[in-house]
Structure formats: C-alpha cells, structure tokens
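Good morning, and thank you for coming.

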Amino acid sequence: QVQLVESGGGSVQAGGSLRLSCAASGYTWRRACLGWFRQAPGKEREGVARILRASGSTVYADSVKGRFTISQDNAKNMVYLQMNSLQPEDTAMYYCAADLRAVCSLLVANFGYWGPGTQVNVSS
C-alpha cells in the first residue's frame, strides 16, 4: 500500500526558512517521480517541484526557482523540500505526491498518490 506522510510545516516570518519532509513507503520508489505541490485557500493546487528518483533530475515552478530545493535520500525513502526566503504568497497546504509511472511533470493529474499535507504559514 502506497503511503506518503509529510512533516515540517509551520509558521514563519517573511524571509525565513522551513524544511518539509516526506516519508514514502509501499512501492519500489527507485523508478518513481516524487513531487511537492501546494494549495492556497481559494486557489487551485499547483506544482512546486519534482524529482525523478532514478536520476535525481529536478524541475521547479518559476515562482520558487532559486528559493526552494527538492532533494531525496533514497536509502530512507525520504524526499525533502528546503524552502528559503519564504514570502506570504508561499502560504499554503503543501502536499507530497508520487507518480509511479514516472511521467514526471508538475501536473497534478499525473500524480496518483498523495499525502495528507502539511500547512505552511508565512507572515509579513
């Protein structure tokens, strides 16, 4: 059974940092694509970053390039999102998701497995 569990959310002031973690289990993750998405109140869920487990290749949304870094620890089946220079517009529920077909885009529709999410609040 595929399971994803996020942690590390919280409240910070603008300019601060947070590190989100995602624990993955229940599949041979080596061939999967893991991604981070976010959804703010009243807005659609959007892709933030993704990493292809086999190669480590990464893709970022333009809005977070240079500020966020996605990484992985294959031995622990963990994926991380380091978020620096946080801004109020980064406030959202953040979700870890898995694409077991490894299409590996930032499209919500390509990710079939989702964690429950972790809330990030950034105050000005």
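Two strands are said to pair if DSSP finds at least two bridges between them. Strands themselves are DSSP runs of E with at least two residues, helices are runs of H or I with at least four residues, and both are numbered from the N terminus. What you see is a predicted model, in which local features need pLDDT of at least 70, side-chain atom pairs count only at pLDDT 80 or more, and totals for chains, interfaces and linings use all residues. Residues are numbered from 1 along each chain as its sequence is written, and side-chain values use heavy atoms, with hydrogens and water left out.

I begin with the strands. Strand β1 (residues 3-7) and strand β3 (residues 18-25) run antiparallel and are joined by five bridges. Within this pairing, Glu-6 has Cys-22 in β3 as its bridge partner. Strand β3 also pairs with strand β8 (residues 78-83), again in the antiparallel sense, over six bridges. There, Ala-23 is partnered by Met-78 of β8.

I turn to the aromatic rings. Rings of Phe, Tyr and Trp (for Trp, its six-membered ring) pair if their centres lie within 6.5 Å; planes under 30 degrees apart count as stacked, over 60 as edge-to-face, and the rest as tilted. By this rule, there are three aromatic pairs. In one of them, the ring centres of Phe-37 and Phe-111 are 4.9 Å apart with planes at 70°, so the pair is edge-to-face. Because Phe-37 lies in strand β4 (residues 33-39) and Phe-111 in the loop between β9 (92-99) and β10 (113-114), this pair ties together parts 74 residues apart in sequence.

Are these two residues buried or exposed? Buried means under 20% relative accessible area, exposed over 50%, and partly exposed in between (1.4 Å probe, protein chains only). Phe-37, at 0% relative accessibility, is buried, and Phe-111, at 3%, is buried.

Next, Tyr-95 and Trp-114 have ring centres 6.3 Å apart and planes at 80°, so this pair is edge-to-face. Tyr-95 is in strand β9 and Trp-114 in strand β10, so the pair ties together parts 19 residues apart in sequence. Tyr-95 is buried at 12% relative accessibility, whereas Trp-114, at 26%, is partly exposed. Phe-37, Tyr-95, Phe-111 and Trp-114 form one aromatic cluster.

Finally, the charges. A charge sits over a ring if NZ of Lys or CZ of Arg is within 6 Å of the ring centre and within 35 degrees of the ring normal. The charged end of Arg-45 sits over the ring of Tyr-95, 3.8 Å from its centre. Likewise, Arg-19 has its charged end over the ring of Tyr-80, 3.9 Å from the ring centre.
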